[in-house]
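The following exercises concern a single protein chain. Each task is followed by a solution in steps.

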Amino acid sequence: MSESYWDIEATGHTDGISDNVGYRTDFAGLSTDEMQGGVAEENMPALNFEDTWTVVTDPDDYLILRWQVAVDAD
């Protein structure tokens, strides 16, 4: 399972920083669609969606930290 993720479309990078140098292999590049909206949680299972992260679905956007929801509501 991957523990780190990046948007390959937004960055223009399909290879992770360590893909070819023998360091970490626990990361995954995802498309923008895979990282936004209701599918984000399914595609990034290593992230803690119960306590730390929340999905933005209206409109579909990148996930945010849970504490940001309370700040945005003010």
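**Exercise 1.** Leaving aside its neighbours within four places in sequence, with which residues is Leu30 in contact?

*Solution.* The model is a predicted one. Once sequence neighbours within four places are set aside, the contacts of Leu30 are Tyr5, Trp6, Asp7, Ile8, Glu9, Met35, Asn43 and Met44. Next, consider the largest nonpolar core, which has eight residues: Tyr5, Ala28, Leu30, Met35, Ala40, Met44, Phe49 and Leu63. In soluble globular proteins, nonpolar side chains tend to be buried together.

**Exercise 2.** Determine the order of the secondary-structure elements along the protein chain.

*Solution.* Begin with the inventory: the chain contains four helices and four strands. Reading from the N terminus then gives the order β-α-β-α-α-β-β-α. As for contacts with a separation of 6 or more, 33% of them join residues 24 or more positions apart.

**Exercise 3.** Classify Thr32 as buried or exposed, and list its contacts.

*Solution.* First, locate the residue: Thr32 belongs to helix α2 (residues 32-35). Its relative accessible area is 18%. The cut-off for a buried residue is under 20%, so Thr32 is buried. Finally, not counting residues up to four places away in sequence, Thr32 touches Asp7, Glu9, Ala10 and Tyr62.

**Exercise 4.** Describe the geometry and placement of the aromatic pair in the structure.

*Solution.* The structure holds one such pair. Trp6 and Phe27 form it, with 5.8 Å centre to centre and 50° between the planes, which is a tilted arrangement. The pair links distant parts of the chain, as Trp6 is in strand β1 (residues 4-7) and Phe27 in strand β2 (residues 27-30), 21 residues apart. Both Trp6 and Phe27 are buried.

**Exercise 5.** Which accessibility class does Trp53 fall into, and what surrounds this residue?

*Solution.* Trp53 is found in strand β3 (residues 53-57). Apart from neighbours within four places in sequence, Trp53 is in contact with Leu47, Asn48, Leu63, Ile64, Leu65 and Arg66. Among these contacts, Leu63 is 10 residues from Trp53 in sequence, with a C-alpha to C-alpha distance of 6.6 Å. Leu63 is also one of the residues in the largest nonpolar core.

**Exercise 6.** What percentage of the residues of the protein chain count as buried, and what percentage of the accessible surface belongs to carbon and sulfur atoms?

*Solution.* Of 74 residues, 30% count as buried. The accessible surface is about 5300 Å², and carbon and sulfur atoms hold 48% of that surface.

Technical notes: Residues are numbered from 1 along each chain as its sequence is written. This is a predicted model: local features need pLDDT of at least 70, side-chain atom pairs count only at pLDDT 80 or more; totals for chains, interfaces and linings use all residues. Side-chain values use heavy atoms; hydrogens and water are left out. Helices (H or I, at least four residues) and strands (E, at least two) are DSSP runs, numbered from the N terminus. Buried means under 20% relative accessible area, exposed over 50%, partly exposed in between (1.4 Å probe, protein chains only). Contact means heavy atoms within 4.5 Å. Accessible areas come from the Shrake-Rupley method with a 1.4 Å probe; for residues, only the protein chains shown count as cover. A nonpolar core is a set of buried Ala, Val, Leu, Ile, Met, Phe, Trp, Tyr and Cys residues joined through side-chain atoms within 4.5 Å. Rings of Phe, Tyr and Trp (its six-membered ring) pair if their centres lie within 6.5 Å; planes under 30 degrees apart count as stacked, over 60 as edge-to-face and the rest as tilted.
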